[in-house]
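Student: I would like to learn how to read individual features of a model with care. Could we go through some of them in turn?

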Amino acid sequence: MAKQILLNAFNMNCIGHINHGLWTHPRDTSTRYKTLEYWTDLARLLERGLFDGLFIADIVGTYDVYGQSVDVTLKESIQLPVNDPLLLVSAMAAVTRHLGFGLTANLTYEAPYLFARRLSTLDHLSNGRVGWNIVTGYLDSAARAMGLEQQPEHDRRYDQADEYLQVLYKLLEGSWADDAVVADREQRVYARPDKVRKVEHHGEFYKVEGYHLCEPSPQRTPVLFQAGSSPRGLAFAGNHAECVFISGQDKAATRAQVDKVRAAAKAAGRDPQAVKVFMGITVIVAPTEAQAQAKHAEYLRYASAEAGVAHFASSTGIDFSRYELDEPIGFAKGNAIQSATRQLQESAWTRRRLLEQHALGGRYVTLVGDAEQVAEQLIAWIDETGLDGFNLTRTVTPESYEDFIELVVPALQRRGRYKTAYAEGTLREKLFASSEPRLPAGHPGARYRNTPDPAPTGALHHA
């Protein structure tokens with residue numbers, strides 16, 4: 001049976017997310033992001049299109065590298081202002097039954113004890129439809145805002161993340177036994193004291209002594225997403241991630257990235273197919289190819305290439321505004337996103353080339369065509385690279401999602417490559433076609449389930 005495509009809508013609790021400048025389009029509604037109706041309408045729309053999830057990005061800090069200021073960032077609303085993504089879930093969960101929610105939260109600035117409570121609360125309220133996109137941050141502006149001089153060193157952030165996950169596993173998986181809650185009115189016992197265990201963690205980065213504040217939620221640990229592609233990031237993904245988000249530019253390079261993710265899982269002692277790999281993609285579709293090309297041209301008139309380059313500047317830590325249009329951009333090892341700086345190192349980039357790459361305001365692969373053409377291209381990306389699915393970016397909101405649902409979803413369904421109905425169960429059960437709502441036995445976090453604290457192992461600790 002051919003692989004069915006998994007699909008998340010990729011969005012952010014802000015005006016400008018990936019394809020910058022399109023908030024100026026007359027049909028775009030992204031300036032309504034501050035209202036609950038904006039998000040509940042979107043959730044209903046995505047569930048009608050049988051999307052697996054709404055993946056909500058987030059950033060702590062501001063993009064202040066380009067021009068050494070936030071001027072372009074503010075004028076074009078490059079992920080500023082940006083509101084909290086987790087607060088959206090309750091409202092969207094209330095108007096949907098199946099749609100999952102992948103939520104980004106930066107562990108560098110979140111105390112694990114309280115963050116575990118927020119995750120459990122959302123998992124309860126959504127009936128098990130929550131995932132966490134694990135990020136460690138990369139902006140020095142965020143570090144300064146949080147009282148630090150600069151970000152911790154790249155690999156050191158992942159050392160901290162490994163220990164953070166240990167603490168979460170102990171709280172979410174090990175503090176409350178499955179049968180701790182009895183809710184016995186006659187005996188006046190809601191939870192059995194002998195079934196609730198205090199977590200005691202004394203590590204390098206975290207010291208936690210306490211009981212998890214929530215009873216077990218449907219998934220206990222939310223579905224774990226991650227996006228690191230550096231060697232250290234891949235090692236972390238191999239240990240922990242259930243879904244990995246990559247950014248590909250061509251099929252050969254994407255295939256290599258997918259293979260690296262699966263090899264990292266295997267090296268950690270996990271089934272390589274236990275990790276689902278998603279790629280960010282932009283789709284512009286219309287009833288005919290000519291109409292799609294015209295729509296693409298229309299969108300280009302509103303997009304801001306400079307805003308896209310300003311965003312990319314903070315991803316690399318390089319101020320591209322200092323360079324003339326055709327001046328080669330110098331590469332220097334920094335503390336930002338290693339995959340982004342590696343792109344510059346591997347090719348002779350100029351500011352002109354970057355502006356051309358960001359013509360639509362972002363640099364994701366863009367598919368333009370009628371429904372049949374787009375469906376065939378999506379299938380080709382899946383079959384030729386080993387991807388499991390896509391994070392579909394927005395262009396004009398909500399038009400881009402409406403077009404995809406009306407035109408591309410039926411074309412994929414006719415080819416047997418997209419579901420025609422939701423399966424029952426939690427987000428984890430849906431994504432993995434499983435009857436197990438919780439971390440599978442082969443995942444290292446499962447070892448913390450209702451057992452005494454295990455000693456750190458190579459799979460969960462890096463010296």
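Tutor: Let us start with Pro81, which is placed in the loop between helix H2 (71–75) and helix H3 (89–94). Since the model is a predicted one, what follows is a reading of computed geometry.

Student: What is the peptide bond from Leu80 to Pro81 like, cis or trans?

Tutor: The bond that leads from Leu80 into Pro81 is cis, and its omega is near 0°. A cis bond also joins Thr397 to Pro398, with omega near -5°, and Pro398 belongs to the loop between strand E13 (389–393) and H14.

Student: How are two packed helices described?

Tutor: In general, one gives the angle between the two axes and the distance that separates those axes. For helix H13 (residues 371–385) and helix H14 (residues 399–414), the packing angle is about 60° and the axes are 9 Å apart. The two helices H13 and H14 are therefore oblique to each other, and their crossing is right-handed.

Student: Which residues of H13 and H14 meet, and how do they divide by class?

Tutor: On the side of H13, the residues are Ala371, Glu372, Val374, Ala375, Leu378 and Ile379, and they meet Phe404, Leu407, Val408, Ala411, Leu412 and Arg414 of H14. Sorted by class, this contact of H13 with H14 holds ten nonpolar residues, two charged residues and no polar ones.

Student: What is the angle between helix H1 (residues 36–48) and H14?

Tutor: H1 and H14 pack at about 20°, with a separation of 10 Å between their axes. That angle makes H1 roughly parallel to H14, and the crossing of the pair is left-handed. Leu42, Leu45, Leu46 and Arg48 of H1 make the contact together with Tyr401, Glu402 and Ile405 of H14. Here the classes are five nonpolar and two charged, with no polar residue.

Student: How should I read a nonpolar core?

Tutor: The general idea is that nonpolar side chains tend to be buried together in soluble globular proteins. In this model the largest nonpolar core has 85 residues, of which Phe51, Leu54, Trp132, Leu378, Leu387, Phe390 and Phe404 touch the most other members. Helix H6 (residues 154–174) supplies nine residues, the largest share of this core.

Student: Which residues is Leu54 in contact with, leaving aside its neighbours within four places in sequence?

Tutor: With those neighbours left aside, the contacts of Leu54 are Ala9, Asn11, Trp39, Leu42, Leu46, Met92, Leu99, Gly100, Phe101 and Gly102. Two of these, Leu42 and Leu46, are also named in the contact that H1 makes with H14.

Student: How many residues of helix H7 (residues 231–240) are buried, and what covers them?

Tutor: Eight of the ten residues in H7 are buried, and the helix is thus mostly covered. The buried residues are Arg232, Gly233, Leu234, Phe236, Ala237, Gly238, Asn239 and His240. Among the elements that cover them are strand E4 (130–135), H6, strand E9 (223–226), strand E10 (243–246) and helix H8 (251–267).

Student: How far apart are Ser315 and Tyr138, in sequence and in space?

Tutor: Along the sequence, Ser315 and Tyr138 are 177 residues apart, while in space their C-alpha atoms are 7.6 Å apart. Ser315 sits in helix H10 (residues 305–316) and is buried, with a relative accessible area of 4%.

Student: What does Pro216 touch, not counting residues up to four places away in sequence?

Tutor: Pro216, in the loop between strand E8 (207–210) and E9, touches His124, Trp176, Ala177 and Arg438 under that condition. As for Pro440, 224 residues away from Pro216 along the chain, the two C-alpha atoms are separated by 16 Å.

Key: Residues are numbered from 1 along each chain as its sequence is written. This is a predicted model: local features need pLDDT of at least 70, side-chain atom pairs count only at pLDDT 80 or more; totals for chains, interfaces and linings use all residues. Side-chain values use heavy atoms; hydrogens and water are left out. Axes are lines fitted to C-alpha atoms, for helices over the stretch in contact, and angles run from 0 to 180 degrees between N-to-C directions. Helices (H or I, at least four residues) and strands (E, at least two) are DSSP runs, numbered from the N terminus. Angles under 35 degrees count as roughly parallel, over 145 as roughly antiparallel, 65 to 115 as roughly perpendicular and the rest as oblique. A crossing is left-handed if the near helix is turned anticlockwise from the far one by less than a right angle, and right-handed if clockwise. Contact means heavy atoms within 4.5 Å. Ala, Val, Leu, Ile, Met, Phe, Trp, Tyr, Cys and Pro count as nonpolar, Asp, Glu, Lys and Arg as charged, and the others, Gly among them, as polar. A nonpolar core is a set of buried Ala, Val, Leu, Ile, Met, Phe, Trp, Tyr and Cys residues joined through side-chain atoms within 4.5 Å. Buried means under 20% relative accessible area, exposed over 50%, partly exposed in between (1.4 Å probe, protein chains only).
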